[in-house]
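Here is a walk through a model and its ligand site. Follow the shell around the ligand, then the sheet.

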Amino acid sequence: MAFDRVIVAERTHALVTALPALEWITDSRVARLSQDFNWFSPVLKRQLEQQRADAVVRPKTEEEIVAVLAACAREQVPITARGSGTGNYGQCVPLHGGVILDLSAYNRLLWVKPGVGRAQAGIRLGEMDRQMREHGQELRCVPSTWRSATLGGLFGGGFGGLGSINYGPLAARGNVLGVRAITVEPEPQTLELRAPEALLLHHVYGCNGIVLELEVGLAPAHPWLESIISFDAFEPALAFADALAAAPGIVKKGITLLARPVPDLLLKAVPVLGGSLQPESHAVLVLVAEFAEDAMLQLVQLHGGGVTLRRTAAEVLKTQRTITEYTWNHTTLHALKADKSLTYTQCAFQSGRHTQQAAQLRTHFGDEVHTHLEWIRNLEGALTCSGLQLIRYASDERLADVQQVYRDHGVSIANPHVFIVEDGKQGRINPDVVAMKQRLDPLGLLNPGKLRGWDVRDQLALRDRPQPELATLPRF
Ligand code: FAD
């Protein structure tokens, strides 16, 4: 469907008037709420920075959500869901104006049982974890943005993160058990989708359905010891990180390797890290259960590292300072602050060859690409690492060349410089994803312009599809 921007704006403003009981935002904040962290990519920044919604609405109840969706359906107004807007690919940037449906006030934890919990989509991950810790449990994998990001946003646009070393990405079987979704129609309907069907809404940027509630698997909550281990050379740092990741008896939540000069970039951006990060060194940031400290230290000694930061869970809680906010794409955030000529890419090394590939590519690119590795289990459960490599940006063409060299070495790239669903992790048009949109968004109003498959839906056989393959590439 083609949207006329002027008509969309007029109709959106009419909706604001027609639904006065709802919390609407129509002032200068709309510009900020129309953006996310796509500026990490010079390509996306150029393409998306001018895009704006016409209004933002922040419903608190299901009735309010229903009222908005029904009105948008009647008036053919585009809707873009938003959690906290921390996505990196312009997922919640509207391309055709209309309404941003900010779900951050729809945020109750609904219930917790041993190993499983259910919450409304707008709950912040940190808040959900806080409430679940009273039950001795925590989320299985959270992004480094856990403090602000929402559960619905992680499902709609994220991958995983801390904890993925044990449980793999969010998409791994058993991590998401079901979702409650709602259709965009003049009379919206709600429906419960169980996995694997529920996963058809995962990482589709809210293009094929609005999620109201999520039921997710939980992990036992441990007091996590946070440590930084510094090394003079890259090889022992890599060997230590991999050995720790593989050590079956050491309970852990995250292992991050920041190769030289990444620690120096962090020191520049966050001077308070002085002492915790050594200049001119390679750093491994580690979260292990407190009782596993001695076993971890044996590996530190074996590989010739030195502990430059040690913080107990109680200290982290008291100070609210955590090394998790220097891992995953937080590393990218700080590095980009320190050196504006940098951008990044995301890649998945092959399990079994991952350390070799990482070392080879580090040598190949020298100072053009800085190595940042995160250890995870992949969808099949195999140990590997993914890279959030920092790249000195020269041009779009050179960026594409660098990513191609990774592919040529057998490393998969999850390109963070594209905003179309199929150009990223999905990798191809998935008729099942499009069929889900047909079911939940028959008028094509959700986040229009980002699901290529919708434009060719007439050429796809959308009925009686076999169960889909889960996507295999990480996007962070
Ligand atoms: P938003 O950005 O608001 O939304 C993400 C997408 O989901 C959008 O397309 C939106 O339309 C859709 N959406 C939101 N709510 C719903 C809903 N209820 N129903 C349907 N669709 C919905 N990601 C990782 O996976 N791992 C990381 O470690 C990680 N680290 C990051 C570090 C930094 C510094 C930054 C800036 C980003 C990072 N990210 C990471 C990306 C992002 O923070 C996470 O994916 C986060 O979970 C997104 O949550 P959000 O609430 O901000 O989602």
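In this predicted model, four elements each supply at least two residues of the shell around the ligand: strand 3 (79–82), helix 6 (151–157), strand 10 (210–220) and helix 12 (328–338). Helix 6 gives the largest share, five residues. The ligand has 35 residues around it, and A81, G83, T86, T150 and G160 come nearest. By class, the shell holds 20 polar, 14 nonpolar and one charged residues.

Now look at the polar atoms. The side chain of T150 has an N or O atom 2.7 Å from an oxygen atom of the ligand. T145 also places a side-chain N or O atom 2.7 Å from a ligand oxygen. Q91 uses its backbone: a polar atom there is 3.2 Å from an oxygen atom of the ligand. How much of the ligand does the protein bury? Taken alone, the ligand exposes 970 Å², and the protein buries 99% of that.

Strand 3 leads on to the sheet. Four strands form an open sheet with mixed pairing, in the order 1-2-4-3. Strand 1 (24–25) and strand 3 stand at the edges with a single partner strand each, so one side of each has no neighbour in the sheet. Strand 3 pairs with strand 4 (residues 99–102) in the parallel sense, over four bridges. Within that pairing, V99 of strand 4 is the bridge partner of I79.

Helix 4 (residues 62–75) packs on this sheet. It touches strand 2 (55–57), strand 3 and strand 4. The direction of helix 4 makes about 160° with that of strand 4.

Key
Residues are numbered from 1 along each chain as its sequence is written. This is a predicted model: local features need pLDDT of at least 70, side-chain atom pairs count only at pLDDT 80 or more; totals for chains, interfaces and linings use all residues. Side-chain values use heavy atoms; hydrogens and water are left out. A residue is near a molecule or strand if one of its heavy atoms lies within 4 Å of it. A polar contact is a pair of N or O atoms within 3.5 Å; within protein, one must be able to donate a hydrogen and the other to accept it, and residues adjacent in sequence count only if both atoms are side-chain atoms. Accessible areas come from the Shrake-Rupley method with a 1.4 Å probe; for residues, only the protein chains shown count as cover. Ala, Val, Leu, Ile, Met, Phe, Trp, Tyr, Cys and Pro count as nonpolar, Asp, Glu, Lys and Arg as charged, and the others, Gly among them, as polar. Two strands pair if DSSP finds at least two bridges between them. Contact means heavy atoms within 4.5 Å. Axes are lines fitted to C-alpha atoms, for helices over the stretch in contact, and angles run from 0 to 180 degrees between N-to-C directions.
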